[in-house]
Amino acid sequence: MNLLEVKRLHKTFGGVSALTDVSFTVEKGEIVGLIGANGAGKTTLFSVISGSYPPSKGFVYFKGTDITGKKPFEICRRGLVRTFQVVRPFHNMTVLRNVTAGKLFGKDRIKDQRKAEEEAHRILQFVGLSTKAYSPARELTLADHKRLEVARALATNPELLLLDEVLAGLTPTETSEAMKMVKEINQHLRITVVMVEHVIKAVVGLCDKIFVLHYGRKIAEGTPKEVTENPEVIEAYLGERIEA
Amino acid sequence: MGRKTNLAGVACAVALLSLVPALASDYHVSVFLDLLMWIALVESWIILSGYTGYISLGHSAFFGLGAYFMAMTWTKIPYVLAVLLAGCSCAGFAFIIGYPFLRVRGPYFVILTLGLTEFTKFLFINLEIKLGGTVGRILMMAPSLHTLYYSVLVVCLAATGAAYFIKNSRFGTGLFSIKEDEDAASALGINTSFYKWLSFGISAFFPGMVGAILALRRSYIDPYTVFSPIVSFQVIVMAFLGGIEDVEGALLGAVMLTLVSEALWARYPYYYMIILGAVVILMVKFLPLGLFFPIRQRFFKESRARG
């Protein structure tokens, strides 16, 4: 069964079309890449799927049920959670309390504060933030902020994780560490991942399947090899070939 | 500081406060009554405004409604019941208006709650003239000063206890998440609308009861005095002085300002307001988290983080 199905999704902002007739499906257990130039509508698509904006037209099905237009907290409690491209940690809380919040409120939420904290420690260990558990989130570096963003999302115990550019702005070493983390999330925690990414090497290395958005439309889908060899995709990324 | 020392400290404070009427003169009892009233108001205010960051100027409205509830039911129903019902009706009123009110954020919410206070004030001014043909109400046969003192003490302890338990609960984590980033909080599964609404109602419950008791203490009330926005302003000044995110900070702020105003207000009314204004400006500039925050930073673990 499809874990996520997006059907003929449209989103307009005051007459400007951000998404036009976007449809795709994500199978359980996959890592799916979503690529496209700046302004292609990738983040808008995430926002519509996770409930931050209602779509103008179309449907989103998660585990077979219609979640179109539901609020973000309801969608999160069903097991679909997103991270934010511009990281949005709770700056004045400790790293631990940030993650504990996810445990206290997400899917299969643990209402006992102490138990939630124990679980949060386990997640911090998984993403490699254990030593900073008691630092205020605002004191972290960018790489650690991205880890925290992922940790907080993992704390909600998702089945489907939408990662919005978790690799952007990282150094090469940090990027390969983060790629390893995404792989572990998929393989060990058995969480299906949809990732928006500009780092093509990472997308090609990680994903089973890639979708390409261009000016709000899906112009290609397929395996990494198929997509990177698709002339339309190359054109969208590099511009039209000028015949001399 | 361990949990046990804290508990012992609280027990001592409560014991001392309950002995005040037995030991002190009526004048001092009424000073303490005033102090407890402000503590109750500030502690209940931080439950919404300190924890979620939605700064409310609506405390005056709930205080006034509580006072009028008492004025209209006094001698018709028992005292304790009237106080409780005053609190409940204010919480109920907050639940009704909270739904539309809490949809706006930041300065718009502040203005809206200021409007609420003005609205209730003029509503009651008109009601008084239309229905009673008067400007205010006199409450006869008020309970003794000591009865009133103990009732304010109970309300004060309840408000402080509520602020404390909420802060350290799952509910509190939700409220602080809303303050930090409402959209991110929602993305994490927090029902932000419901949490704000609930804390608004809880926060309104206590000023309703305080208003009801204080109506009897003053024995004469009119809309201008009980719905005065000064109540809200003073609550905010106290909270910002002490610290809007801490039960201890709110307590500290209320105690400091009540004592200082008791000492200076009568003697230097004009300078007092000027100095107070200057202090508030300096505080917001240099210690935005209140006087208690640096104290907490020094003595407590995990100190660099708020929340």
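**Exercise 1. The cover of helix H6(B)**

Name helices of chain B that are part of what covers the buried residues of H6(B).

*Solution.* The cover includes helix H1 (3-23), helix H2 (26-52), H4, helix H7 (170-180), helix H9 (192-218) and helix H12 (247-264) of chain B. Two sentences on the model and its numbering are needed before going on. This is a predicted model, in which local features need pLDDT of at least 70 and side-chain atom pairs count only at pLDDT 80 or more, while totals for chains, interfaces and linings use all residues. Residues are numbered from 1 along each chain as its sequence is written, and chains are lettered from A and ligands numbered from 1 in the order in which they are written.

Step 1: Helices (H or I, at least four residues) and strands (E, at least two) are DSSP runs numbered from the N terminus. A residue is buried if 20 or more other C-beta atoms lie within 10 Å of its own, exposed if 12 or fewer, and partly exposed in between, with C-beta atoms placed from the backbone.

Step 2: list the buried residues. Those of H6(B) include Leu148(B), Tyr149(B), Val152(B), Val155(B), Cys156(B) and Ala159(B), and also Ser151(B), Thr160(B) and Lys167(B).

Step 3: check the length. H6(B), residues 145-167, has 23 residues and reaches 33 Å from its first C-alpha to its last, close to the 33 Å expected at 1.5 Å a residue. The expected span is 1.5 Å times one less than the number of residues.

**Exercise 2. The nonpolar core**

Which residues have the most contacts inside the largest nonpolar core?

*Solution.* Step 1: a nonpolar core is a set of buried Ala, Val, Leu, Ile, Met, Phe, Trp, Tyr and Cys residues joined through C-beta atoms within 7 Å.

Step 1: the largest such core has 161 residues, and Ala40(B), Val42(B), Val152(B) and Val210(B) have the most contacts inside it.

Step 2: take Val210(B). Two residues are in contact if their C-beta atoms, placed from the backbone, lie within 7 Å. Leaving aside neighbours within four places in sequence, Val210(B) is in contact with residues including Met37(B), Ala40(B), Phe63(B), Val152(B) and Val155(B).

**Exercise 3. Each chain as a whole**

Compare the radius of gyration of chain A and of chain B with the globule rule.

*Solution.* Step 1: the radius is taken over C-alpha atoms, and the rule is 2.2 Å times the number of residues to the power 0.38.

Step 1: chain A has nine helices and ten strands. With 244 residues, a compact globule would have a radius of gyration near 18 Å, and the 18 Å of chain A agrees. Buried residues make up 48% of chain A.

Step 2: chain B has 14 helices and two strands. Its radius of gyration is 19 Å, close to the 19 Å that the rule gives for 307 residues, so chain B is as compact as a globular protein of that length. Buried residues make up 46% of chain B. Of the contacts in chain B with a separation of 6 or more, 81% join residues 24 or more positions apart.

Step 3: the mean pLDDT (the predictor's confidence in each residue, from 0 to 100) of chain B is 90, and 96% of its residues reach 70 or more. The model scores ipTM 0.89 and pTM 0.90.

**Exercise 4. The contact between the chains**

How many residues does the contact take from chain A and from chain B?

*Solution.* Step 1: the contact takes 30 residues from chain A and 21 residues from chain B.

Step 1: on the side of chain A that touches chain B, helix H2 (72-77), strand S6 (80-82) and helix H3 (95-105) of chain A each supply at least two residues. The largest share, six residues, comes from H3(A).

Step 2: by class, this side of chain A has twelve nonpolar, ten polar and eight charged residues. Ala, Val, Leu, Ile, Met, Phe, Trp, Tyr, Cys and Pro count as nonpolar, Asp, Glu, Lys and Arg as charged, and the others, Gly among them, as polar.
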